[in-house]
Amino acid sequence: MKAVQYVTVGQAPEVREIEKPEPGPGQVRLRVTAAGLCHSDWFVMGLPAEHVTFPLPLTLGHEVAGIVDKLGDGVSEFAVGDDVAVYGPWGCGACSECARGRENYCPNAGRLGIHPPGLGSPGGMAEYVIIDNPRHLVPLLGLDPVEFVSLTDAGLTPYHAVKNVIDKLPAGSTAVVIGTGGLGHVAIQLLRALTSATVIALDVAEDKLEHARTVGAQQALLSNSEAPAKIRELTNGIGADVVFDFVGAKPTLEIARASVRVDGAIEAVGIGGGTLPTGFGSTPYGVSVRAPYWGSRSELMEVLALARSGQVSVSVERFDIADAPEAYARLHDGKITGRAVVVP
Ligand code: NAD
Ligand code: ZN
Ligand code: ZN
């Protein structure tokens, strides 16, 4: 079968012919219907060799949808032919976090060497993928896999971030979204659907700002050192109740710090290598700063439900599997609007 693989440290991904995998006991094989590209794939492909803790080649793809194709021994929860999405942040399945469906915060996954598909385990940017356990499958219930596969990460991750601070976003509040790409453009829609906050979007390119307005941002500003003053102006001098940073680089975290209001919150989602000092006086009084990771299984079901009721969608650029390397190059260069999705 064809698979998009990260083969050599520091080199671009390749489309390769590999063996079709067989599901072991308790596992499920999917015939992949769609797989999204995430900027985190570039984070992984940018790690120096000594930080690569999983074997290469690695089949990429942690946003995955598929049709159940073969059941391993003992699996009865799904039937061949079911249309499903994959819950990606796999945990141990036995701890209290996993019991609550919060496998994204499983404290054992690292120690046990459990990796999400495409981020250490073989991923879904291939014709077939093995899912380790049926609890990591969620029925699509009529959603088109290509249009909605990215909700498994680009939807779930911002949903989890927004839910955490939803009490800080009553009517009259302001939310800032920095970086309006894959995650950010869904975040804007989630904020509009779940809160009555005014959404101010920041990005570095005019076309991205235009897209942000199209998906629901009431204001869109260039992301630069003047942005905090403009945000204060738009909020009568008070600042943003919550800043969601989907870049996470030094300059964007500085914008977050300089834009957030007293007792507000910063959700630092992007993994752009920046850090934000904490401690008295380093941010306005009372500000909480959190670096969330992905989301829970039940939150994934909630995001998919929002999509089914028409309240959130994904702007999708579709690529054949043969063109995945080109799609990755475009993502790297900031040339994708919304999300790039590979259709095997
Ligand atoms: P993306 O490439 O689709 O979008 C990034 C956007 O940020 C682009 O629109 C780009 O123009 C914009 N941007 C770049 N520099 C900017 C700046 N200085 N100011 C404002 N905007 C800027 O990426 P994505 O797939 O949406 O991922 C966003 C970030 O979130 C990445 O760092 C990714 O690794 C991370 N991520 C984190 C989690 C998590 O669980 N914490 C999950 C998924 C992705
Ligand atoms: Zn991701
Ligand atoms: Zn666990």
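In which sense do strand E13 and E14 pair, and over how many bridges? Select residues 260-268 to highlight strand E13; its pairing with E14 is parallel and runs over three bridges. This is a predicted model, so keep that in mind along the way. While you are here, pick out Ala 265, which faces Ser 288 of E14.

Now widen the selection to the whole sheet. Six strands form an open sheet with parallel pairing, in the order E11-E10-E9-E12-E13-E14. Look at the edges: strand E11 (219-222) and strand E14 (288-290) each have a single partner strand, so one side of each has no neighbour in the sheet. On average, neighbouring strands of this sheet are turned by 15 degrees against each other, direction ignored.

Next stop: the zinc ion (ligand 2). Show the side chains of Cys 38, His 62 and Asp 153, which coordinate the zinc ion through SG, NE2 and OD at 1.8 to 2.3 Å. Along the chain, these donors follow the spacing C-x23-H-x90-D. Cys 38 and His 62 are both buried.

Finally, colour by domain: 2-153 + 295-343 for domain 1 and 156-290 for domain 2. Their C-alpha centres are 27 Å apart. At the boundary, 25 residues of domain 1 touch 20 residues of domain 2, and the buried area is about 1,800 Å², with 57% from carbon and sulfur atoms. Select Asp 153, Glu 299 and Leu 306 to end the tour: they supply 23% of the area that domain 1 buries against domain 2, more than any other three residues.

Terms used
Residues are numbered from 1 along each chain as its sequence is written. Chains are lettered from A and ligands numbered from 1 in the order in which they are written. This is a predicted model: local features need pLDDT of at least 70, side-chain atom pairs count only at pLDDT 80 or more; totals for chains, interfaces and linings use all residues. Side-chain values use heavy atoms; hydrogens and water are left out. Two strands pair if DSSP finds at least two bridges between them. Helices (H or I, at least four residues) and strands (E, at least two) are DSSP runs, numbered from the N terminus. Axes are lines fitted to C-alpha atoms, for helices over the stretch in contact, and angles run from 0 to 180 degrees between N-to-C directions. Donors are N, O and S atoms within 2.8 Å of the metal (3.2 Å for Na, K and Ca); water is not among the atoms, so sites may look incomplete. Buried means under 20% relative accessible area, exposed over 50%, partly exposed in between (1.4 Å probe, protein chains only). Domain bounds come from an automatic or database domain assignment. Contact means heavy atoms within 4.5 Å. Buried area is the accessible area (1.4 Å probe) that two parts lose on being put together, summed over both.
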